[in-house]
Amino acid sequence: MLLCFSSSHRTAEFDLLERLERHAPAVTAALAEHSELVSGSVVLATCNRFEAYLDIDEPLPAARAVSTEVVIDAVSAAAGIDADVLRASSAVYYDDAVAEHLFSVSSGLESVVVGEGEIAGQVRRALQAARKAGTATRDLERVFQVASRTARGVKNQTGIMTAGRSMVRLALELAESRITDWTQVRVLLVGTGKYAGASLAALREHGVTDVRVYSPTGRAAKFALSHDVTAVEAEGLLDELAGADLLVTCSAVTDHVVTRDLLAEALGLPGAAERRLVIDLGLPRNVEPAVAELTGVELLDLETISIHAPVEELNAAADARELVDAAAAEFAARTSEQAVTPALVALRSHVFGVLDAEIARARSRGDSSEQTEAALRHLAGVLLHTPSVRARELARQGDAQAFIDAASALFGLEVDDVPTTRTLRAVDDESAAS
């Protein structure tokens, strides 16, 4: 059974999301401790959501409530958040609803800024991290891979990605009312990751030319060299904070890079800019919220920016939603088909086993030829084609058990419960061949 624990900007305050993101490694480890229930996990932590996608080793519907409580308790203990608060600030999805939700997330339909492009890459990296940690199961691999294909389809076939704007672009649009001439703005960029690169690109699109970069982890020089900006070392941070008109932070560190006391000290230096805008894109926050109390300082953080997120581009969003719904329906149908795969494998094994035995007896009497054997094998495949098609049709209609019962009654077959990847592929290949 697939289960998704989701806490996002739609259900929770940003303070809670920040705490969850900060404790993401601990949550992943806590979930792994419940190996008797949780077969695998993929944790997705972004600037506006925290989600745990889980492969639960319990197919019974009655186990949903138990599994949910185990997951919530594990997250609560790892993140130090009261379980009741988590329940009130999250949503839980099961089975087919997990796929539909993930497809919507990866396509940008659940983002603060509908259609933002960063999320698809974040979903891919979450799966890669799970693979590295050894927590990605076959079912999780399947749903995440289909999610990536769905996101590409949405991007290529709709205008949702171009209609939507990233958080940094939205932040800069909000800043336009405070900045009259971007070419005269002096910017201090804190962070050197992929989001810092996107932020720098957006700044340059607005006409910014004077950019200094600081890295709390000491990577400023390398970033500056590859992006043609000026690096700031730790000993020069105070002076740069004093001189910057705009501070943009997007570092992955978990502690505040800019505190109220640090910025207050910078403001007191000779020649410090009288006013400055601070855009904090970090989660956890890179900037202590109390800096907004300082005279001449205006703070735009993720929570503030999200309030001004634009209304969905209706046509593009509707087209994207249609594609996501279709992908989710097809995923559910293919998942249902897997219920009859063990019966199909058993039926094909039975038929071809009988055929092989008869061919062996014919060979012992000298009555067989290669042409005859090939014709008989082809005939067996043809005869099995219609039952195979009908089995999948029944499964898609939610009546897989009818085929399983029929195969058992007619042929006395004992059907295994869980098909392996190899048997799934074998049935698909044989059906195509016949």
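The largest pocket holds about 1,400 Å³ of space. A pocket here is an open set of points on a 1 Å grid over the protein atoms alone, where a 1.4 Å probe fits, with protein on both sides within 12 Å along at least five of seven lines. The volume is the space filled by probe spheres set on the points, which are joined across faces, edges and corners.

Some ground rules. This is a predicted model, with local features needing pLDDT of at least 70 and side-chain atom pairs pLDDT 80 or more, while totals for chains, interfaces and linings use all residues. Numbering starts from 1 along each chain, and side-chain values use heavy atoms, without hydrogens or water.

Helices are DSSP runs of H or I, at least four residues; strands are runs of E, at least two.

α6 covers 118-133. Its 16 residues reach 23 Å from first C-alpha to last, close to the expected 22 Å, which is 1.5 Å times one less than the residue count.

Its buried residues (under 20% relative accessible area, 1.4 Å probe, protein chains only) include Ile 119, Val 123 and Leu 127. The buried residues pack against β2, α5 and α7. Contact means heavy atoms within 4.5 Å. Just after α6, Gly 134 takes a positive phi of about 75°.

Technical notes. On a 1 Å grid over the protein atoms alone, a cavity is a set of points where a 1.4 Å probe fits but cannot get out, and a pocket is an open set with protein on both sides within 12 Å along at least five of seven lines; lining residues have an atom within 4 Å of a point. Buried means under 20% relative accessible area, exposed over 50%, partly exposed in between (1.4 Å probe, protein chains only).
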